[in-house]
Amino acid sequence: MKPLNDLVLVFRKLFRILKWASFAVILVTVPVLAYQVAEIHGILSSISPWLGHAFLLAVLAFLVLGVGVPAFRYLRVPVALRPPDLPAKDETVTMVHRKSRATFLVGYVKGLCRNPLLAESSAQIEETLRACEETKRRLDGRPATEVEPARAELAELERTRIDALLAPIDLEVDRLIRREAMGVGIATAISPNGTLDAFIVLWRAANLVSRIATLYYGRPGARGSLVILRDV
């Protein structure tokens, strides 16, 4: 087992290095794209100054509509409530963790009331909120030994109540991801430039994150947003 454990440690260190390297890629992407824009502008300007100016205006319009608008839309979405951390091993989970989860569910369902896409489901949200509050009250009165029944009760609550509320949004997000995948595939297939391909994928993926956050009406904070951008 020792060689296998050593291999796992190597892969973990490699993955950690790749994660930090991705931050460097984000920083390098900006000057590389700026160089590409300057190069194309120089070529077009040599043909006609008006072509160079028109290209810069097109780039500016793209930055405003393709980058600025999604970023503004993303920042308008409220920061999502962070779920409580659980121990890595199930046997170390206590009733305190289960009660924290119940408190989180109450707060999460309250946040669903502000989602414009769920405006027509307000009655169902109120019913789910009452169920979450009732579950929280029951767990508060349970002894510390009933961890497993509490887990089962919370799992049933999430499956039958909360997942049902989110089902329409989940379907819309699945359709959105499929459309984006097809769009990116077509765009990169007809693009003659590898750097442009990379930018298209990065731009569309970041825009997809913004649209998904809007649909669920919740986004991570600054650190979480940076982690998502790194993963993208």
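Glu-153 and Arg-138 join their side chains in a salt bridge, 2.3 Å from N to O. Glu-153 sits in helix α5 and Arg-138 in helix α4, so the pair ties together parts that are 15 residues apart in sequence. This is a predicted model. Glu-153 is buried, at 16% relative accessible area. Arg-138 is partly exposed, at 36%. Both belong to one network of salt bridges with shared partners, which also takes in Glu-134, Arg-137, Arg-142 and Glu-146.

## Other salt bridges

The whole structure holds 15 salt bridges. One of them links Lys-136 to Asp-140, with the closest N and O atoms 3.2 Å apart. These two residues are four apart in helix α4, so about one helical turn separates them. Lys-136 is partly exposed at 25% relative accessibility. Asp-140 is also partly exposed, at 41%.

Arg-82 pairs with Asp-85 in a salt bridge, and their closest N and O atoms are 3.7 Å apart. Arg-82 counts as exposed, at 66% relative accessibility. Asp-85 counts as exposed too, at 56%.

Helix α4 covers residues 122-140 and includes Thr-128. Thr-128 counts as buried because its relative accessibility is 1%, under the 20% cut-off. Beyond its neighbours within four places in sequence, Thr-128 contacts Val-109, Arg-161, Ile-162 and Leu-165.

## The bend in α5

Helix α5 runs over residues 147-190. A straight helix of 44 residues would span 64 Å, but α5 spans only 56 Å between its end C-alpha atoms. Where does α5 bend? The bend is at Asp-163, and is about 50°.

Note on methods: Residues are numbered from 1 along each chain as its sequence is written. This is a predicted model: local features need pLDDT of at least 70, side-chain atom pairs count only at pLDDT 80 or more; totals for chains, interfaces and linings use all residues. Side-chain values use heavy atoms; hydrogens and water are left out. The expected span of a helix is 1.5 Å times one less than its number of residues. The bend at a residue is the angle between axes fitted to the seven residues ending there and the seven starting there. Buried means under 20% relative accessible area, exposed over 50%, partly exposed in between (1.4 Å probe, protein chains only). Contact means heavy atoms within 4.5 Å. A salt bridge is a side-chain nitrogen of Lys or Arg within 4 Å of a carboxyl oxygen of Asp or Glu.
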